[in-house]
Amino acid sequence: MTTWDRTAVEARLREAATRDRAMERFGADTHRYALRPPLPEPEIRAFEAIHGIELPPRYRSFVTEVGDGPAGPAHGLLPLTTPRAEADDDWAVDDEWARDRLPGRLASPFPLTEPAPGRLAATADTLKRGTLALAEEGCGMYIRLVLNGPHAGEIWLLDPDWGGFTPLDRDFHSWYTKWLTALPHASQG
């Protein structure tokens with residue numbers, strides 16, 4: 001299992017925030033390079049028990065060691081156990097977050113055995129079962145974590161209008177680390 005260095009992640013986020021003071025990088029105006037505190041182990045165990053799942057280890061370790069979002073790819077990571085503080089502002093991602101927490105939804109089998117490229121239309125909602133929304137890209141596109149089946153732990157992009165439902169990365173650690181590494185560095189002008 002991968003462990004995280006919260007101090008190093010926070011330092012990298014501070015550096016990126018300093019380089020992007022105007023919050024012009026995609027999603028920065030939403031996540032603001034900030035982290036919520038990590039979640040206590042009993043809270044995560046309770047979430048897993050309520051939903052009948054086990055979170056993939058690399059995501060679980062992030063939430064327990066680094067933070068419960070929001071600094072992250074796209075418009076930032078969605079919180080795991082409690083809605084965003086500003087969830088009443090009528091943002092579509094909040095509905096997505098709430099749907100994921102309906103009874104049995106996360107524990108449902110992930111229906112895909114292979115990527116589904118192209119327009120998905122009405123089947124998109126069915127394909128989300130067994131996955132957890134991690135971040136919102138905008139325009140109805142979501143980055144989702146597969147929770148069960150042969151693709152458990154993988155990060156997939158759901159773009160129902162154009163791109164379909166396809167893999168992005170092998171696991172949360174790889175996906176998040178790529179984003180963190182791509183942030184502006186002090187040596188960049």
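Analyst: Happy to. One aromatic cluster is formed by Trp-4, Tyr-59, Phe-62, Phe-172, Trp-175, Tyr-176 and Trp-179. Please keep in mind that this is a predicted model, in which local features need pLDDT of at least 70 and side-chain atom pairs count only at pLDDT 80 or more, while totals for chains, interfaces and linings use all residues. Residues are numbered from 1 along each chain as its sequence is written, and side-chain values use heavy atoms, with hydrogens and water left out.

Let's begin with the rings. Rings of Phe, Tyr and Trp (its six-membered ring) pair if their centres lie within 6.5 Å; planes under 30 degrees apart count as stacked, over 60 as edge-to-face and the rest as tilted. The structure holds twelve aromatic pairs. One of them joins Trp-156 and Phe-165, an edge-to-face pair at 5.5 Å centre to centre with 80° between the planes. Tyr-176 and Trp-179 make a tilted pair, because their planes stand at 50°, with the ring centres 5.4 Å apart.

Tyr-176 and Trp-179 both belong to helix H7 (residues 172–182), where they sit three residues apart, about one turn of the helix. Helices (H or I, at least four residues) and strands (E, at least two) are DSSP runs, numbered from the N terminus. Both residues are buried: Tyr-176 has a relative accessible area of 0%, and Trp-179 has 11%. Here buried means under 20% relative accessible area, exposed over 50%, and partly exposed in between (1.4 Å probe, protein chains only).

Now for what Tyr-176 touches. Not counting residues up to four places away in sequence, its contacts include Trp-4, Val-9, Leu-13, Phe-62 and Pro-73, where contact means heavy atoms within 4.5 Å. Tyr-176 is also among the residues that touch the most other members of the largest nonpolar core, which has 36 residues; Leu-13, Tyr-59, Leu-80 and Phe-172 are the others. A nonpolar core is a set of buried Ala, Val, Leu, Ile, Met, Phe, Trp, Tyr and Cys residues joined through side-chain atoms within 4.5 Å. Helix H1 (6–19), helix H3 (41–51), helix H4 (57–65), E2, E3, E4 and H7 each give two or more residues to this core, and H7 provides the largest share, five residues.

Next comes the helix partner. H1 and H7 pack at an angle of about 40°, with their axes 9 Å apart. Axes are lines fitted to C-alpha atoms, for helices over the stretch in contact, and angles run from 0 to 180 degrees between N-to-C directions. H1 and H7 are therefore oblique to each other; angles under 35 degrees count as roughly parallel, over 145 as roughly antiparallel, 65 to 115 as roughly perpendicular and the rest as oblique. At this meeting place, Val-9, Arg-12 and Leu-13 in H1 meet Tyr-176, Trp-179, Leu-180 and Thr-181 in H7.

Finally, the sheet. Five strands form an open antiparallel sheet in the order E1-E5-E4-E3-E2, where two strands pair if DSSP finds at least two bridges between them. Strand E1 (116–117) and strand E2 (131–138) stand at the edges, each with a single partner strand, so one side of each has no neighbour in the sheet. H7 packs on this sheet, touching E2, strand E3 (141–146), E4 and E5, and its direction makes about 80° with that of E5.
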